[in-house]
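This briefing is meant for a reader meeting the structure for the first time. Please keep the sequence and the 3D view at hand while going through the points that follow.

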Amino acid sequence: MFPRSFEYVAPADLAEAAEALASAEFAKVMSGGMSLIPMMKLRLLSPDLVVDIGKIRGLDQIEDRGDAIAIGALVRHAQTAASDAVPAALRTAAAWTGDTQVRNRGTTVGSVAHADIAADQPAAVLALGATMVARSASGTREIPADEFFVDALTTALEPGEILAEIRIPKAGGGSAYEKLGRRGGHTDYAVAGAAAWVQRSNGSISDCRVALTGVGTKPTLAEGVAEALIGTDGSASAVEAAAARATEGVTLLEDLYGSEEYKAHLAKVMTARALTQAIANA
Ligand SMILES: Cc1cc2nc3c(=O)[nH]c(=O)nc-3n(C[C@H](O)[C@H](O)[C@H](O)COP(=O)(O)OP(=O)(O)OC[C@H]3O[C@@H](n4cnc5c(N)ncnc54)[C@H](O)[C@@H]3O)c2cc1C
């Protein structure tokens, strides 16, 4: 199918892009186009204006800002996967995204802005405690990851805002990502996945965040897991007991890829695996 007709602009900088976005009734940002173009072709989205940010210089960088790693809006999945500066949870999520073409065109920031219920990056940035930096014609604002994901394909970004970068705090500790892909194995969207971040001090777990993907309508922090694990020695039995609480407070979603029971089971298995690896990485 072909998209409905639309206007197209490719601004030279973020200020111009923000102005263009504000100028149309229904405008959409395009970064990699890997999800936007198929949705337009299927007419699930029919914007009046597409603002292609692909020609803006300087957005394709991963920068060490001292207390945080900043991932620019045009950093591709392949770049994120290859960067030693990026924590393991997000690096792995990027490496396990789709196929080579998708990883070379699609962007980490675009995936987070898109907020697909089964995407890999949103869970990783949530577990890593990232901050989203949104740019609009009226300025810049920061949104914590745990306030960013609102519902399926819905984020806290307002119309007219561009997600300009994601900042991941350099909090130390270790992180990991685990998933079961829709075709088995690791690539393809997640039937269920879990990203974990843990910090250890004096032989015990002092802090922890686990985020799930694929099991509900948005990536969700598994708060019961963190509550159960913090203060333990992080042993296999402590991990197992904590992972058993993975779906506490999560509204499970049955879909073509599994029943609620199956998703709940996978969420616990992926949580235990991600925690075990994150503890090993800490
Ligand atoms: C065949 C295939 C397989 C895939 N497999 C996986 C997979 O295994 N795991 C996975 O997680 N993903 C998968 N994806 C999705 C892929 O990761 C996309 O790259 C990602 O969803 C969107 O990134 P993009 O840069 O292409 O965004 P685009 O397609 O350009 O945009 C997607 C949406 O986000 C908005 N948007 C994009 N960037 C911004 C921004 N900077 N500010 C504000 N809004 C923005 C757009 O307006 C649009 O609504 C797959 C995609 C395809 C086509």
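Strand 6 and strand 10 pair in the antiparallel sense, and five bridges hold this pairing. The model is a predicted one, and its protein chain is divided into domain 1 (7-55), domain 2 (62-169) and domain 3 (174-281).

**Strand 10 and its partners**

- A68 has its bridge partner in strand 10, namely P169.
- Because seven of the eight residues of strand 10 are buried, this strand is largely enclosed by the rest of the structure.

**Domains**

- Between the C-alpha centres of domain 1 and domain 3 there is a distance of 34 Å.

**Helix 1 and its buried side**

- Helix 1, which spans residues 14-23, has A17, A18, A20 and L21 as buried residues.
- The packing partners of the buried residues of helix 1 are strand 1 (7-9), strand 2 (27-30), strand 3 (49-52), strand 6 (131-136) and strand 10 (162-169).

**Helix 10 and its buried face**

- In helix 10, made up of residues 236-243, the residues V239, A242 and A243 are buried.
- When helix 10 is seen down its axis, its buried residues fall within an arc of 95°, and they therefore line one face of the helix.
- The cover over the buried residues of helix 10 includes helix 9 (223-229) and helix 11 (260-281).

**The shell around the ligand**

- The ligand is surrounded by 30 residues, of which the closest are G32, M34, G98, G106 and G110.
- Strand 2, helix 6 (108-114) and strand 10 are the elements that give two or more residues to this shell.
- With five residues, helix 6 gives the most to the shell around the ligand.
- By residue type, the shell around the ligand divides into 13 nonpolar, 13 polar and four charged residues.

Definitions and conventions:
Residues numbered from 1 in each chain as written. Predicted model: local features only at pLDDT ≥ 70, side-chain atom pairs only at ≥ 80, totals over all residues. Domains from an automatic or database assignment. Buried ≥ 20, exposed ≤ 12 C-beta atoms within 10 Å, placed from the backbone. Helix = DSSP H or I, 4+ residues; strand = E, 2+ residues; numbered from the N terminus. Contact = placed C-beta atoms within 7 Å. Arc of directions from axis to C-beta. Pairing = 2+ DSSP bridges. Near = placed C-beta within 6 Å. Nonpolar A, V, L, I, M, F, W, Y, C, P; charged D, E, K, R; others polar.
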